[in-house]
Amino acid sequence: MLQALIGKLFKDKPDPDRFAGKFMDAVRANGYPHPLEYESDTFRIRHANGSYFNLHNAYQAYLNAPRGQQRKALLAFSGLLGIHEDDEAMTLEQARPLLRPLIRSITQLEEITLHHAEQEGWNAPPQRLQYRRLSEECVELLAVDHPDHTATLTQGPPEEWGISFDEALVIARTNLRQSPDEPFVEVAPGLYQAAWGDAYDSSRALLPDLLHRVPVAGLPVFMLATRDMLLVAGEGDLRAQAAMLELAGQAFADGRVISWEVLRYDDGQLHPHVLADPALRERQRQLRLELDGDAYAMQKQLLDRVHQAHDEDVFVANFMVHSEERHSLCAWTEGVASSLPRTDRIVLVMPVNEDDAHTLVVDWEQAQPLIGHLLQQDNRHLHPPRYLTLGFPDAETRARLQPL
């Protein structure tokens, strides 16, 4: 115990800017030949061909690594730059045995879309992203499994391979199925966790027959908390489900998050599982609030950059969480063109002067029949959703709204 305490005290704990410097030094030491430009406000590095590398996961991995293992974590992430060029040069026969499916949060693709909009503008031809939507939060992507890293092919297989995205995924799933069997480990009574530890634990959720072999009570329900955490419980085991939600919440702090959802298979099709206990549903709602807050914060940061780069006068409203009542809300101000996140409640703001304003708080769903025509879903976003304001509710409409 004393050794663990000493390890925590003497670990390197750089602030984000200093970590970015260490990261770029490691990248250059690997022989990376292209320029690197650090953007502190978005905590990312611009590198070859205008691409970006987000540092959040690398930073968390570095901070969470045990003393003596931090440099290994740094080198593992810094070695990822430049690998995509190598993958594009591979032939299909070289790549075939290395193809694997990945499950990721769709917010990863939202970041790519917004980076592209910042560089090229909204009217430029969209990027060619290839993915399969699995649930509200989860997508299936194609990857190449190298001995020391996993390369995600967000644009699908190169044209030179001569196969479609769906054909490539069939190969990838077949390869994953052929990996050696490992037992699921019981981490709490009735709760099991995938134990391969090979960067594809979450991908095993794509193999329903494998999930049905986990010795849970009843049909399996599962969470894809992070890229390295697939948790499985029985549909009727409420105690195991409670432990699953708590373990998922703890894992969110480590980064590499995928989803707050609880999922199940029905007749081979993936569906959301509705938790039977109200207390469990509330705990799941709290997890969703946490992840939605993070996703919208990232989205706002990138959208602000898009609007600044292309001189667009749109206010990107924050996704806020009431500290006591634990519901989400956003502000819609009269006379201000805005992009609103989807929240539980809307705060309508009517300025009186520079220092004062009247406000009216309404439930989003209840208000839709009266104000829905003034909110247009912005289809340029993959996830999470945003709505562009088309004016503002007039005094007569506001008088008919039910205040909270």
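Q: What makes F184, Y192 and L211 contacts of L230?
A: Contact means heavy atoms within 4.5 Å. L230 touches F184, Y192 and L211, among others, not counting residues up to four places away in sequence. The model is predicted: local features need pLDDT of at least 70, side-chain atom pairs count only at pLDDT 80 or more, and totals for chains, interfaces and linings use all residues. Residues are numbered from 1 along each chain as its sequence is written, and side-chain values use heavy atoms, leaving out hydrogens and water.

Q: Why is the set that includes I103, F184 and L230 called a nonpolar core?
A: The term denotes buried Ala, Val, Leu, Ile, Met, Phe, Trp, Tyr and Cys residues joined through side-chain atoms within 4.5 Å, where buried means under 20% relative accessible area (1.4 Å probe, protein chains only). The largest such core has 30 residues, and I103, F184 and L230 are among those with the most contacts inside it. Its largest share, four residues, comes from β6.

Q: Why are β1 and β2 said to pair?
A: Two strands pair if DSSP finds at least two bridges between them. Three bridges join β1 to β2 (residues 44-46), so the two strands qualify as an antiparallel pair. Strands here are DSSP runs (E, at least two residues), and helices are runs of H or I with at least four, numbered from the N terminus. E37 has R46 in β2 as its bridge partner.

Q: What makes β1 and β3 edge strands?
A: Each of them pairs on one side only, in an open sheet with the order β1-β2-β3.

How values were computed: Buried means under 20% relative accessible area, exposed over 50%, partly exposed in between (1.4 Å probe, protein chains only).
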